[in-house]
Amino acid sequence: MSGALFALTLAGLAGAAEINLYSGRHYDSDAQLYADFEAKTGIKVNIIEGKTDELLARIEAEGEASPADIFFTADAGNLWRAEDKGLLQPIDSETLKAAIPAAYRDPNNQWFGFSRRARIIYIAKGAIDPALVQTYADLARPELKGKVCMRSGSAIYNLSLMGGLIEKIGPEKAEEWAKGVVANLAKEPQGGDTDQIKSVAAGECAVTLANTYYFARILGSDKPEDKAVAEKIQWIFPDQAGDGAHVNISGAGVTKYAPNRDEAVKFLEYLASPDAQVYFAKGNNEYPIGGGESGNAALDTMGPFKADTLNVAAYGRNQKAAQEIMDRAGWK
Ligand SMILES: [Fe+2]
């Protein structure tokens, strides 16, 4: 019996190749990614979707018996939580290292970024001078009193932003900044990123922060209500004269007890491939992990920007300190 045939027979005995993907991402377009991977490899993708925290608790509770092969989620802060709980294993893959810049993967190789998003400033056109809000630091300026809307200080996107700030300017200055932002709030933090953008468009506040893909979705939409919002908003990539805009990732890691480890690595390598990168950009308005053309008209309209090169692992490492600062600052 030839080696290939023998391997085929073994695979047949073991049942069809498959992976069990625990996904905390909430994007419809991901279904196309999975279908494309199945078509290319013949490896079936079984998807368990849920809230990121619930999936983490589930993998932890299932322990060694967990069927999970891959944990897939948005935000490096969430990936760090999985690593911190000991739920992932290191993957040594030259393919992943070559495709993913070092800033966007775990230095311990336990998780990898597959798409990028920036957390940037949005203002109501005409409501304030754009020159006032060119940096994250500007959001704490006293001139903005009563003009700022913000998502909750316990939302992972804001915790990661704070985690990055702690790394760059130290906890004392970061806390001063958080207090300044809270002093400028037009209303108590509520709602998601899209709600913040809509609040600015509605005139409830003049400036906010949100991830790029939320605005690109509005900018690329044909719906009259989205067009009306987009017309009122000016986007600003912060810190372009400094370190660059805060960038976060969507990413994944292979679980510690993955029953289908080899297939799981293939899936991660697929996510880093040019074919999969198109789905991230076109399907969910995220930037390709390695830079280059997004092929997405809304992202192209928003334009190129300078991205911070800080390794996103800092967001997780500083997450606890970030939450303590948010709490002390009263950023609810
Ligand atoms: Fe999101």
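Me: What makes Ser23 count as buried in this predicted model?
Reply: The cut-off for buried is 20 or more other C-beta atoms within 10 Å. Ser23 has 21 other C-beta atoms within 10 Å, so Ser23 is buried. Its place is in strand β1, residues 18-23.

Me: Which residues is Ser23 in contact with, leaving aside its neighbours within four places in sequence?
Reply: They are Asp30, Ile47, Glu49 and Phe72. Ile123, by comparison, is 100 residues from Ser23 in sequence and 33 Å from Ser23 in space, C-alpha to C-alpha.

Me: How do you know that Ala76 is buried?
Reply: The count for Ala76 is 30 other C-beta atoms within 10 Å, and the definition asks for 20 or more. Ala76 is therefore buried. This residue lies in helix α4.

Me: What is in contact with Ala76, apart from its neighbours within four places in sequence?
Reply: Ser160, Asn248, Ile249, Gly251, Val312, Ala313, Tyr315 and Gly316 are in contact with Ala76. For Ala39, the separation from Ala76 is 37 residues in sequence and 29 Å in space, C-alpha to C-alpha.

Me: What is noted about the phi of Asp75, and where is this residue?
Reply: Phi of Asp75 is near 85°, which is a positive value in a residue other than glycine. Most residues other than glycine have a negative phi. Asp75 sits in the loop between β3 (70-74) and α4 (76-84). With 24 other C-beta atoms within 10 Å, Asp75 is also buried.

Me: What follows α12, and what is its phi?
Reply: Asn285 follows α12, with a positive phi near 60°. Asn285 is not a glycine. Its place is in the loop between α12 (274-284) and β8 (287-288).

Me: Which residues of α12 are buried, and what covers them?
Reply: The buried residues of α12 are Ala276, Gln277, Tyr279, Phe280, Ala281 and Asn284. Their cover includes α2 (30-41), β4, α9 (212-219), α11 (261-271), β8 and α13 (297-302).

Me: Why are α6 and α15 called roughly perpendicular?
Reply: Helix α6 (residues 156-169) and helix α15 (residues 319-329) pack at an angle of about 105°, and their axes are 8 Å apart. Angles of 65 to 115 degrees count as roughly perpendicular. α6 and α15 are therefore roughly perpendicular to each other.

Me: What kinds of residues make up the contact of α6 with α15?
Reply: From α6, Leu159, Met162, Gly163 and Ile166 meet Gln319, Ala321, Ala322, Gln323, Ile325 and Met326 in α15. They divide into seven nonpolar, three polar and no charged.

Me: Which residues touch the most other members of the largest nonpolar core?
Reply: Of the 95 residues in this core, they are Ile70, Phe71, Met162, Val200, Val207, Ala252 and Leu268. Strand β4 (residues 112-124) gives the largest share, eight residues.

Me: How do you know that this core lies between domain 1 and domain 2?
Reply: Domain 1 (3-116 + 249-294) and domain 2 (118-245 + 312-329) both give residues to the core, so the core lies between them.

Me: What is Val200 in contact with, leaving aside its neighbours within four places in sequence?
Reply: Val200 is in contact with Tyr122, Ile123, Ala124, Cys149, Cys205, Ala206, Val207, Thr208 and Ile233.

Key
Residues numbered from 1 in each chain as written. Predicted model: local features only at pLDDT ≥ 70, side-chain atom pairs only at ≥ 80, totals over all residues. Core = buried A, V, L, I, M, F, W, Y, C linked by C-beta atoms within 7 Å. Buried ≥ 20, exposed ≤ 12 C-beta atoms within 10 Å, placed from the backbone. Helix = DSSP H or I, 4+ residues; strand = E, 2+ residues; numbered from the N terminus. Domains from an automatic or database assignment. Contact = placed C-beta atoms within 7 Å. Axes fitted to C-alpha atoms, helices over the stretch in contact; angles between N-to-C directions. Parallel < 35°, antiparallel > 145°, perpendicular 65-115°, else oblique. Nonpolar A, V, L, I, M, F, W, Y, C, P; charged D, E, K, R; others polar.
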